[in-house]
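Let us take a walk through a protein together, one step at a time.

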Amino acid sequence: MEFNQLVMLAQTGNAEAFEQICQQYAGLVKRQAYQVHLRPIQEEALAEGWLALSQAVVNYDPALGVQFAGYAESKVKFALWNLFKRERRRWQHEMPLEAGSDADSGSILDFLPDQADIASQVETRLLANQAFTLLTKLPERQRQAVLMTVIQGKGLSETAVVLQVSPQAVYNLRQRGLARLKQLWDGMYESERG
């Protein structure tokens, strides 16, 4: 059987023909995948080579006048070259994790906090979420006064201009809002009230 006929048979889904082609081109795939520059990603290169060979079998058209051997070799080489370029790009953008690997800027470990208290950060975030939930239960003017003066840190006069009231009215709204928040907060945890 002529080799082009074997390829045509494999293209129709004949597993034996496909296996025969793979056995015949195993040397090509391994030789290309085991090149020195692909050594760190050898397994991935081998898989990419096999994939390129199978795509060559599927896409081969003898009417174009190209021998299958040359077509398959160029497909495998091109696929592995693209894989290498992708990996090289990724390697160049990776940041070293080991301390002291980059003398000028330090490693990424230098930017992490020494004593991060994750439990405390989570508790603070949960309390903040609860506080914002309680804020939504305040009347609109009291909520605005509390948000602007306590959360955003604006002064009474500045808040008074926005709310179009006097600074004394802002102070009163804030005090009533905070008192109401305290009542709501105390009511949240009945087990703590005893």
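This is a predicted model: local features need pLDDT of at least 70, side-chain atom pairs count only at pLDDT 80 or more; totals for chains, interfaces and linings use all residues.

When α3 passes α4, is the crossing left-handed or right-handed?

The protein chain has 9 helices and 0 strands, and reading along the sequence gives the pattern α-α-α-α-α-α-α-α-α. The chain holds 194 residues, and buried residues make up 26% of them. Its accessible surface comes to about 13400 Å², and carbon and sulfur atoms account for 53% of that surface. Now consider the contacts in the chain with a separation of 6 or more: 51% of them are between residues 24 or more positions apart.

Now back to our opening pair. Helix α3 covers residues 42-59 and helix α4 covers residues 68-93. Their axes come within 8 Å of each other and cross at roughly 140°. That angle makes α3 oblique to α4. And here is the answer to the question: α3 passes α4 in a right-handed crossing. Which residues of α3 and α4 meet there? On the α3 side you can pick out E44, A45, E48, G49, A52, L53, A56, V57 and N59. On the α4 side, look for F68, Y71, A72, K75, V76, A79, L80, L83, R86 and E87. Sorted by class, this contact has 12 nonpolar, 2 polar and 5 charged residues.

Next, bring helix α2, residues 15-33, into view. Its axis and that of α4 come within 10 Å and cross at roughly 40°. The two helices are therefore oblique to each other, and their crossing is right-handed. From α2, the residues I21, Y25, L28, V29, Q32 and A33 take part. They meet F68, A69, A72, E73, V76, K77 and L80 in α4. By class, the contact of α2 with α4 has 10 nonpolar, 1 polar and 2 charged residues.

What about α2 and α3? The axes of α2 and α3 come within 9 Å and cross at roughly 140°. This pair is therefore oblique, and α2 passes α3 in a right-handed crossing. From α2 the contact draws on F18, I21, C22, Y25, A26, V29, K30 and A33. From α3 it draws on Q42, A45, L46, G49, W50, L53, S54 and V57. These residues divide into 12 nonpolar, 3 polar and 1 charged.

Begin with F84, which sits in helix α4. Is F84 buried or exposed? Its relative accessibility is 12%, so F84 counts as buried, since the cut-off for buried is under 20%. Leaving aside neighbours within four places in sequence, F84 is in contact with H37, L38 and W91.

Now look at V58, in helix α3. At 56% relative accessibility, V58 counts as exposed, because the cut-off for exposed is over 50%. V58 and G13 are 45 residues apart in sequence, and their C-alpha atoms are 9.4 Å apart.

K137 and R180 are 43 residues apart along the chain, with their C-alpha atoms separated by 9.2 Å.

Our last stop is Q164, in the loop between α7 (156-163) and α8 (167-188). Phi of Q164 is near 60°, a positive value in a residue other than glycine. Q164 is exposed, with a relative accessible area of 72%.

Definitions and conventions:
Residues are numbered from 1 along each chain as its sequence is written. Side-chain values use heavy atoms; hydrogens and water are left out. Helices (H or I, at least four residues) and strands (E, at least two) are DSSP runs, numbered from the N terminus. Buried means under 20% relative accessible area, exposed over 50%, partly exposed in between (1.4 Å probe, protein chains only). Contact means heavy atoms within 4.5 Å. Accessible areas come from the Shrake-Rupley method with a 1.4 Å probe; for residues, only the protein chains shown count as cover. Axes are lines fitted to C-alpha atoms, for helices over the stretch in contact, and angles run from 0 to 180 degrees between N-to-C directions. Angles under 35 degrees count as roughly parallel, over 145 as roughly antiparallel, 65 to 115 as roughly perpendicular and the rest as oblique. A crossing is left-handed if the near helix is turned anticlockwise from the far one by less than a right angle, and right-handed if clockwise. Ala, Val, Leu, Ile, Met, Phe, Trp, Tyr, Cys and Pro count as nonpolar, Asp, Glu, Lys and Arg as charged, and the others, Gly among them, as polar.
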